[in-house]
Amino acid sequence: MKRYTCSGCSLLCDDIMIRSDGLFIDEVIGACLKGKERFDRVTAKNRIISPLIRKDNELKKISWEEAINETVKIVKNASNPLLYGFSNSSCEAQAKGIELAKTINGFIDSNASICQGKVLGIAKEFGINLTTITELINKADLLILWGANPAETIPRLLNKTLFSRGKFRMTGREIKTLVIIDPVKSASFNVMGVRDIALRIKPGSDIELVRALKEECCQSDSIPSEGVAGIDQEDLKRILLHIMGTENGVIFLGQGILKSDKNNQFIREILEFIQLINSKQEKGRMSLIMMGGHYNMAGFDHVALSLAGKIGGLQFKDQKLVDSNHTLVSKINTNDFDYSIIVGTDPISHLPYSLSSKLAKKPIILIDNQMTATAKIADIILPTAITGIECEGLAFRLDQVPIQLEKIVNPPSNLTSDAKLLNKIISKLANGGM
Ligand code: SF4
């Protein structure tokens, strides 16, 4: 058996033991159910292993040569492409995606732009205190889940950070306090102990809550007796006591809060709040971790920043990066694209109907390895190998630490990686599509 990293989610657990002969995965030990599903994807029923094209409203198998030619034909007959996805792809594929966007004068963005990328964008104004999973395993004493439900989205996160015994403290769960701020009682509430704090917030009033906490930090007894955002005055004072007394605390911002924060006001407030705590704290510190779900959601921001000096929403014109205030949402909303290239994601399922219906009206070239709602309406599907199982690649863990993913088995039908496939399209275009 050999130790591998799981690419089932952004925690990228590097302690999975796998027995394999290089052709099949015989045994997986240590992965959660979500991770096990990721490894089972190799032989899943909805796996796509041949390129497909839509003819007479049906997806039909074609040869790779035909598939690449048809892809190039769509690219050459249009002028305003939208490239989206990439959070389920390696950093190498993300870099190739940006190169392709530059070659075809497109707009490129990743799933992070509607999730954790928003935090990094705002962090330019306020700064940000990040931390690592290792630091939390060894030192955390306060974990706040804000709109986050790791028990279902990142299943082993709490095992590692809440139930772990710190190397330097020699203490574990007994000194760790868990605070959950959520309007719904998610599965993560089930791990709470007697000294933990559950705050069932009134839906949509997170900004109100963070403002009240900020004010109480500066001027005690400012919380009204009836409480704030549906939360009791006493509970709010209790949580502030924990926050101001923590030696190593972390706020996990979940997708629930990140996706719903339309004008990024909550993100601004929470970043300011963390700065405020750290300026007032004498011995401890508070940090932030964004809980992107896809295994390399953090990667695109790093790759885009290093290649283009900007974390997302890159618009190219005349093979140069130009200023653009467009986001993925505004691009689709204003119909400012004439076809899309989607990589490793399923926007037809995860975007609101107002956007997915507009996306569906224009040709879609999909690079993915499974039959999804997007695959069912795509015009061309180019299947690829599964990164971290059938090909290697670099990914950034949710705490922004780079992790190398390895190949375990050979892909079926000699499928290539996302990066190599994107490179093939770029080379074909460079040769005039011949
Ligand atoms: S928590 Fe995520 S990375 Fe870890 S085993 Fe589960 S799916 Fe894989």
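Helices (H or I, at least four residues) and strands (E, at least two) are DSSP runs here, numbered from the N terminus. With that convention, colour the chain by secondary structure and you get 17 helices and 19 strands. This is a predicted model, where local features need pLDDT of at least 70, side-chain atom pairs count only at pLDDT 80 or more, and totals for chains, interfaces and linings use all residues. Residues are numbered from 1 along each chain as its sequence is written.

**Whole chain**

Zoom out. The C-alpha trace spans about 70 × 50 × 35 Å along its principal axes. The radius of gyration (over C-alpha atoms) is 23 Å, close to the 22 Å that the globule rule (2.2 Å times the number of residues to the power 0.38) gives for 434 residues, so the chain is as compact as a globular protein of that length.

**Two domains**

Select 48–111 + 297–404 + 411–430 for domain 1 and 117–290 for domain 2; these bounds come from an automatic or database domain assignment. Their C-alpha centres lie 34 Å apart. Where they touch (contact means C-beta atoms, placed from the backbone, within 7 Å), domain 1 supplies 8 residues and domain 2 supplies 9. The domain 1 side of that contact divides into 3 nonpolar, 3 polar and 2 charged residues.

**The 9-strand sheet**

Next, pick out the open sheet ordered S5-S4-S17-S16-S15-S6-S7-S13-S14, which has mixed pairing. Two strands pair if DSSP finds at least two bridges between them. S5 (58–61) and S14 (320–322) are the edge strands, each with a single partner strand, so one side of each has no neighbour in the sheet. From one strand to the next, the twist averages 25°; axes are lines fitted to C-alpha atoms, for helices over the stretch in contact, and angles run from 0 to 180 degrees between N-to-C directions. Now zoom in on S4 (residues 52–55), which runs antiparallel to S5 and is joined to S5 by 4 bridges. Show Arg54 and you'll find Leu59 of S5 opposite.

**The 5-strand sheet**

Move on to S10-S9-S8-S11-S12, an open sheet with parallel pairing. Here S10 (197–200) and S12 (285–290) take the edges with a single partner strand each, so one side of each is left without a neighbour in the sheet. The twist averages 15° per step from strand to strand. S9 (residues 177–182) pairs with S10 in the parallel sense over 4 bridges, and Asp182 stands opposite Arg200 in S10.

Key
Two residues are in contact if their C-beta atoms, placed from the backbone, lie within 7 Å. Ala, Val, Leu, Ile, Met, Phe, Trp, Tyr, Cys and Pro count as nonpolar, Asp, Glu, Lys and Arg as charged, and the others, Gly among them, as polar.
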